[in-house]
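User: I have a chain to look over. Please take me through its fold and its side-chain contacts.

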Amino acid sequence: PSVAVNVFYNDERLKPEDYDAKDVYGNKDLVVAKDAMKKASELGANLNSLPEPYKTFYARRCLNEIAAQLGMFLDIPLKSHRGNKYDLSKDAMKAFED
């Protein structure tokens, strides 16, 4: 035999409209977060149309902009974990800086 316990709660810092109205079990993303993820997907698709190294540069810029608006710091490495042949060195990135 086994026992499962589900705990449901509402965070008092969130308003009722922050939750999906049809989310009885609290399993869905918050409404604002779901919308942000959809927009992030669209932005990624837009940037994907750019050639390297522009795609990488602007993706990093977008991520840093979002992080700054949230009061966060992201340590995004200059080299991709996938071994992208267009990885940018620090010197190359300086050419793109504002």
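Analyst: A definition to begin with: a salt bridge needs a side-chain nitrogen of Lys or Arg within 4 Å of a carboxyl oxygen of Asp or Glu. The model is predicted.

User: Which side chain of opposite charge is nearest to glutamate 52, and how far away is it?

Analyst: Glutamate 52 is buried yet has no salt bridge. The cut-off for a salt bridge is 4 Å. The nearest side chain of opposite charge is lysine 55, at 4.3 Å.

User: With which side chain does glutamate 52 make a polar contact?

Analyst: Glutamate 52 sits in the loop between helix 1 (31-47) and helix 2 (54-69). A polar contact requires N or O atoms within 3.5 Å. At 2.5 Å, the partner is the side chain of threonine 56.

User: What geometry does the aromatic pair have?

Analyst: The count comes to 1 aromatic pair. Phenylalanine 57 and tyrosine 58 form this pair, 4.8 Å centre to centre, with 75° between the planes. Planes over 60 degrees apart count as edge-to-face, so the pair is edge-to-face.

User: Is tyrosine 58 buried or exposed, or in between?

Analyst: Phenylalanine 57 is buried, with a relative accessible area of 6%. For tyrosine 58 the value is 34%. Buried means under 20% and exposed over 50%, so tyrosine 58 is partly exposed.

User: What pattern does the protein chain follow along the sequence?

Analyst: The protein chain has 3 helices and 0 strands. Read along the sequence, the pattern is α-α-α.

User: What percentage of the residues count as buried?

Analyst: The protein chain has 98 residues. Its accessible surface comes to about 8,800 Å², with 56% belonging to carbon and sulfur atoms. The share of residues that count as buried is 10%.

Terms used
Residues are numbered from 1 along each chain as its sequence is written. This is a predicted model: local features need pLDDT of at least 70, side-chain atom pairs count only at pLDDT 80 or more; totals for chains, interfaces and linings use all residues. Side-chain values use heavy atoms; hydrogens and water are left out. Rings of Phe, Tyr and Trp (its six-membered ring) pair if their centres lie within 6.5 Å; planes under 30 degrees apart count as stacked, over 60 as edge-to-face and the rest as tilted. Buried means under 20% relative accessible area, exposed over 50%, partly exposed in between (1.4 Å probe, protein chains only). Helices (H or I, at least four residues) and strands (E, at least two) are DSSP runs, numbered from the N terminus. Lys and Arg count as positive and Asp and Glu as negative; His and the chain ends are not counted. A polar contact is a pair of N or O atoms within 3.5 Å; within protein, one must be able to donate a hydrogen and the other to accept it, and residues adjacent in sequence count only if both atoms are side-chain atoms. Accessible areas come from the Shrake-Rupley method with a 1.4 Å probe; for residues, only the protein chains shown count as cover.
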